[in-house]
Amino acid sequence: MVNEDHILKSDETEIPNMLTIEPGADLSVPEVQRTAIDTLESGGVIYLPKGGFELSKQERALILDTANILTRVPDIENGKPTIIFDPKRGRIKKYHYAQIHGKMMRAQIKDSARSDLEAIMARYGKWAENVITQLFPCYQQALDRKRVTYRPFSRNSTQALHIDSSYGYPTQGRSMLRVFTNINPVDRVRVWQLGEPFEPFVERFLPAVQVREPSWFFVMLVRLGIIDGAKTKYDQYIAALRTLGMRDKEYQESAPRKLMEFPAGSSWIAITDLVLHGAISGQHSLDQTFYLPVEAMNNPLRSPLRILERLTGETLA
Ligand SMILES: [Fe+2]
C-alpha cells in the first residue's frame, strides 16, 4: 500500500523522501496517515499515481486546444502566465500578471470558457481539501485554503531549483502546503527536479541575506488592500533565499537533485517553502495552496519557520 521508493532517476540518495500511496489505498488508515505526515513534515513529497481528480470528456476537449480558452498564447514556453482562482470569491482573478522576459503578461480568458474553467478550479479545490482532510485530519482545523492555480501553458524550459515564496500573499510564518495534479488531456508527463533538504540550502545562502524594512510602496499596497496582509521577517527571508538560490548559476548547475515524472492523472503533495523544486516540462496542471500554521504540525521544529529561527537566532513571525 505504501511504497517509499518511487524514484525515477537519482544522483544523490539523500534527497528527498518520496512516499507513494497506491491507487485504492484508504487514506484514513492510521499507518498511511502517520507515514504521510512524517514524509510531508520532513520535506518529502507524497505521490498519488492515480489521485482521483478527473476532468469530464467535455472539459478535456475544452482545454485540449488552448485557443478554446485563451485569447493569446505566449511565444516563450515557460509555463506562464498562470490562472488564479479565489475559492472564497468563487472567481478567477482578473488581473494576475506574470513577468515574462521583462514584459508583464496575464492569461486572457475567453468569455465563452470562463465559467467552465471556474467550475473545474472550484471542483479541484474541494477535491484537494477532501484529500488533505482524509490524509491529515490533525491539520484540518488550522488549515487556511487559499488559491487554486491552473497552468494552461506549456513549459519547455527548466525552472531553477527554489523554495516557494508568497509574493503578494504573505504567509506570516505559516507553511505552504500544496496539492498538485497533472490534468494534461493527451497524457503528457509533468517533470520536476527536486533538490537538497531545506537546512543545507539555507545554511549556504543565509550569510548573503539582507532583510530590509518594507518599502513605502509595499506598505501602501497593504493599506489599500491590494496585497493580502503585511510581510513578516519570515516572508522576507524566504523571498531573499529563493532569489539568491535561483540566481546562483553555479549552485543551479551543481546542486544535488532528483528528477521526478508525474504522469497525467497523478497528484503530489508537498510543503513547497520547505522542499526545493523546479518544474522542467509539462502542460496543464492544477494546484491548491493551503497555509499551514506551524503549531498545527506534528513536529513544529521541522517547519521552515522554526528551522530559520534556529539558524538566524531571531523571531521571524
Ligand atoms: Fe515553486
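1. The buried residues of α2 (buried: under 20% relative accessible area, 1.4 Å probe, protein chains only) pack against α3 (111–135) and β9 (144–151). Contact here means heavy atoms within 4.5 Å; helices (H or I, at least four residues) and strands (E, at least two) are DSSP runs numbered from the N terminus.

2. This is a predicted model, in which local features need pLDDT of at least 70 and side-chain atom pairs count only at pLDDT 80 or more, while totals for chains, interfaces and linings use all residues. Residues are numbered from 1 along each chain as its sequence is written, and side-chain values use heavy atoms, with hydrogens and water left out.

3. Helix α2 spans residues 57–64, and its buried positions are E59, L62 and I63. They line one face of the helix because, seen down the axis, they fall within an arc of 85 degrees (taken from the directions from the helix axis to the C-beta atoms). K57 and L64, on the other side, are exposed (over 50%).

4. Strand β3 (residues 18–21) is covered on both faces: M18 and T20 are buried on one side, L19 and I21 on the other. It runs parallel to β4 (residues 45–48), to which three bridges join it (pairing requires at least two DSSP bridges). M18 stands opposite V45 of β4.

5. The iron ion is coordinated by H162 (NE2), D164 (OD) and H277 (NE2) at 2.1 to 2.2 Å, with donors being N, O and S atoms within 2.8 Å of the metal (3.2 Å for Na, K and Ca). The sequence spacing of the donor residues is H-x1-D-x112-H. H162 is buried at a relative accessible area of 2%, and D164 is buried at 6%. Water is not among the atoms, so sites may look incomplete.
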